[in-house]
Each structure stands twice: as C-alpha cells, then as structure tokens.
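This briefing is intended for reading alongside the sequence and the 3D structure.

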Amino acid sequence: QVQLVESGGDSVQPGGSLRLSCAASGSIFSINTMGWYRQAPGKQREGVARISSGGIRIYADSVKGRFTISRDNAKNTVYLELNSLEPEDSAVYYCNTYPALYPWGQGTQVTVSS
C-alpha cells in the first residue's frame, strides 16, 4: 500500500524558515514527479512545487524565489525548504505525485503568525 508521510511543520514568525520532509513508498517514488501541495482553511488544495525524477523543478508564482523543492531518490524522500514565510503561507502541506494519484497523507501544519 502506498504511504506518504509528511513532517517538519511548525509555528513560525513572518520571515522565518522551515524544512518539510515527505517519505514516500519506494514503489511510487523513483519514477514519478513528486509535488508539494497545501490547503488553507476554507480554500482548495493547491500545488506549490514539483520536481521530476530528473530534477526539473516547477514552482507556483506565489512561492517562487522563497521555496525550494528537492528530492533524495536513495531515501525516497522529497523536501520543501520554506524561506521568507508569510502569513499567507499558513496551511496544511501535503506531498503526492504530480498529478496526485495516491491517497493523501495526514499532512503537516505550517502556521506563520506574529
């Protein structure tokens, strides 16, 4: 069974930084584009960033220049580094393939507030 386990969320002040991690089942990781998504209260889930198996990265305009996605194929793990955080970045962050093909994990909460 495919599993996606996100971690690393926290409460930080505006301008702060976090590093999120997502451990994925090996069977889906190595050949797929992996993505980070987020969902804020009352809003639809949106794609934030994605990275292909070959390392090509695509970012949403709202996070470009502030977030960095990376992957470690040997560890079946995808990361999202969040810098210069803004209150609008507050959300539950999830990972999945891109497009999302598998059941969502529990996500990890990021709260940006002074």
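Does Y94 count as buried or exposed? With a relative accessibility of 12%, Y94 falls under the 20% cut-off and therefore counts as buried. The model discussed here is predicted.

**Aromatic pairs**
- Two aromatic pairs are found in a search of the whole structure.
- Y37 and W104 form an edge-to-face pair, because their planes stand at 85 degrees, with ring centres 5.0 Å apart.
- This pair links distant parts of the chain, as Y37 belongs to strand β4 and W104 to the loop between β9 and β10, 67 residues apart.
- Y94 also pairs edge-to-face with W104, at 5.7 Å centre to centre and 70 degrees between the planes.
- Y94 is in strand β9, so its pair with W104 ties together parts 10 residues apart in sequence.
- Y37 is buried at 8% relative accessible area, whereas W104 is partly exposed at 32%.

**Charge over the rings**
- R45 lies over the face of Y94, 4.5 Å from the ring centre.
- R45 also lies over the face of W104, 3.8 Å from that ring centre.

**Nonpolar core**
- The largest nonpolar core has 28 residues, and among those touching the most other members are W36, F67 and Y93.
- Strands β3, β4 and β5 are among the elements that each supply at least two residues of this core.
- β3 gives the most, with four residues.
- Beyond its sequence neighbours up to four places away, Y93 touches residues including W36, Y37, F67 and L80.

**Residue D10**
- D10 is in the loop between β1 and β2 and is partly exposed, with a relative accessible area of 42%.
- Leaving aside neighbours within four places in sequence, D10 contacts L18, Q109, V110 and T111.

Conventions:
Residues are numbered from 1 along each chain as its sequence is written. This is a predicted model: local features need pLDDT of at least 70, side-chain atom pairs count only at pLDDT 80 or more; totals for chains, interfaces and linings use all residues. Side-chain values use heavy atoms; hydrogens and water are left out. A nonpolar core is a set of buried Ala, Val, Leu, Ile, Met, Phe, Trp, Tyr and Cys residues joined through side-chain atoms within 4.5 Å. Buried means under 20% relative accessible area, exposed over 50%, partly exposed in between (1.4 Å probe, protein chains only). Contact means heavy atoms within 4.5 Å. Rings of Phe, Tyr and Trp (its six-membered ring) pair if their centres lie within 6.5 Å; planes under 30 degrees apart count as stacked, over 60 as edge-to-face and the rest as tilted. A charge sits over a ring if NZ of Lys or CZ of Arg is within 6 Å of the ring centre and within 35 degrees of the ring normal.
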